[in-house]
Amino acid sequence: MPTMLVDLRSDTVTRPTAAMRQAMFDAEVGDDVYGEDPTVNRLQAAAAALLGHEAGLFAPSGSMTNQIGIQLLVAPGEELLLDSESHILAHEVGAAAVIGGISTRSWSSGGGRLDVSVVSESVHESLAYHTVATRAIAVENTHNRGGGTVIDIDQLRRLRALADERGLLLHMDGARLWNAHVASGVPLAEYGRLFDTVSLCFSKGLGAPVGSVLVADAERIERARSIRKRMGGGMRQAGFLAAAANYALDHHINRLADDHVRARRLAEALEPYGVTTAAGVETNIVLLRHPELGKLSAAAAEQGVLISVLGRDQGRLLTHLDISDDGVDHALTVLTGLLR
């Protein structure tokens with residue numbers, strides 16, 4: 001058996017720290033469906049304030065907060081425009097269509113970068129009874145399949161101007177917005193105020209076991225409560241879960257810089273083997289290319305290093321709360337040994 005297990009598949013595999021578990025144990029709780037859980041209420045208010053919005057809503061997953069967010073902006077039969085590699089389109093099993101009745105159309109993202117001129121050309125106007133007009137645009141920051149790309153704030157400002165000019169609404173999938181904030185230095189509120197709805201995840205880089213918050217104005221969040229209930233997301237004494245997210249807000253944001261350093265270290269050491277490009281690593285995701293990635297992954301797993309396989313020749317490594325410098329050392333020893 002391997003002497004060390006280094007799980008680089010995802011930043012969702014983290015376990016709550018001892019201090020986070022204690023915060024969960026000590027949580028004051030109530031019935032959140034009635035709006036009476038003080039720990040949930042604290043989390044919702046804190047997340048909304050950080051993003052410069054009026055209110056927030058706690059839900060079990062980022063997929064749920066994404067779907068609630070876009071349903072608040074796009075009515076059944078209307079169109080959501082987003083990039084072809086976005087999580088909402090590629091990894092939420094058609095929920096926009098199945099649950100929200102939302103039509104989607106995409107542009108090519110080019111590695112997660114945002115080019116507002118391309119987006120502008122993709123917007124559909126309502127020209128006749130047989131066309132579907134674009135109602136809202138969604139972007140993902142950081143961009144998962146783009147390799148943790150941080151969306152440039154100037155492009156996001158241009159996107160807001162485009163939306164205002166064309167009468168459109170904006171949603172941000174901010175599952176890893178914390179990483180974008182730490183890597184870029186852009187305040188969370190500066191990101192948040194550019195969007196009508198923002199989904200924030202606590203179970204990735206921040207290390208909580210479960211949960212996301214949707215932020216928006218107070219009227220939209222009131223509507224969001226009904227949508228969450230319809231989707232089965234109304235939880236009762238959810239403060240035990242929200243306590244972990246509150247702890248993460250207080251203690252785990254700034255430490256994301258450590259994950260970014262470790263990801264860059266992995267990329268720089270692996271780049272000479274032709275499987276990645278260090279210059280493209282901005283946050284905690286390292287994309288891999290190898291003609292037999294499945295075999296590489298299996299061989300690495302036998303030595304205690306787990307990597308994510310995304311396709312025949314595509315994969316990724318993600319650094320996170322449970323990956324130490326010693327873990328990076330072990331991963332590099334194993335992977336460089338297999339790649340020689």
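Trainee: Leaving aside neighbours within four places in sequence, which residues is Glu92 in contact with?

Mentor: This is a predicted model, in which local features need pLDDT of at least 70, side-chain atom pairs count only at pLDDT 80 or more, and totals for chains, interfaces and linings use all residues. Residues are numbered from 1 along each chain as its sequence is written, and side-chain values use heavy atoms, with hydrogens and water left out. Contact means heavy atoms within 4.5 Å, and once neighbours within four places in sequence are set aside, the partners of Glu92 are Ser63, Asn66, Gln67 and His87.

Trainee: Which side chain of opposite charge is nearest to Glu92?

Mentor: Glu92 is buried (under 20% relative accessible area, with exposed over 50% and partly exposed in between, for a 1.4 Å probe and protein chains only). Lys and Arg count as positive and Asp and Glu as negative, while His and the chain ends are not counted. Glu92 has no salt bridge, a term for a side-chain nitrogen of Lys or Arg within 4 Å of a carboxyl oxygen of Asp or Glu. The nearest side chain of opposite charge lies 8.0 Å away and is Lys204.

Trainee: Within what arc do the buried residues of α2 fall?

Mentor: Helices (H or I, at least four residues) and strands (E, at least two) are DSSP runs numbered from the N terminus. In α2, Thr39, Val40, Leu43, Gln44, Ala47 and Ala48 are buried. Taking directions from the helix axis to the C-beta atoms, these buried residues line one face of the helix, because they fall within an arc of 165°.
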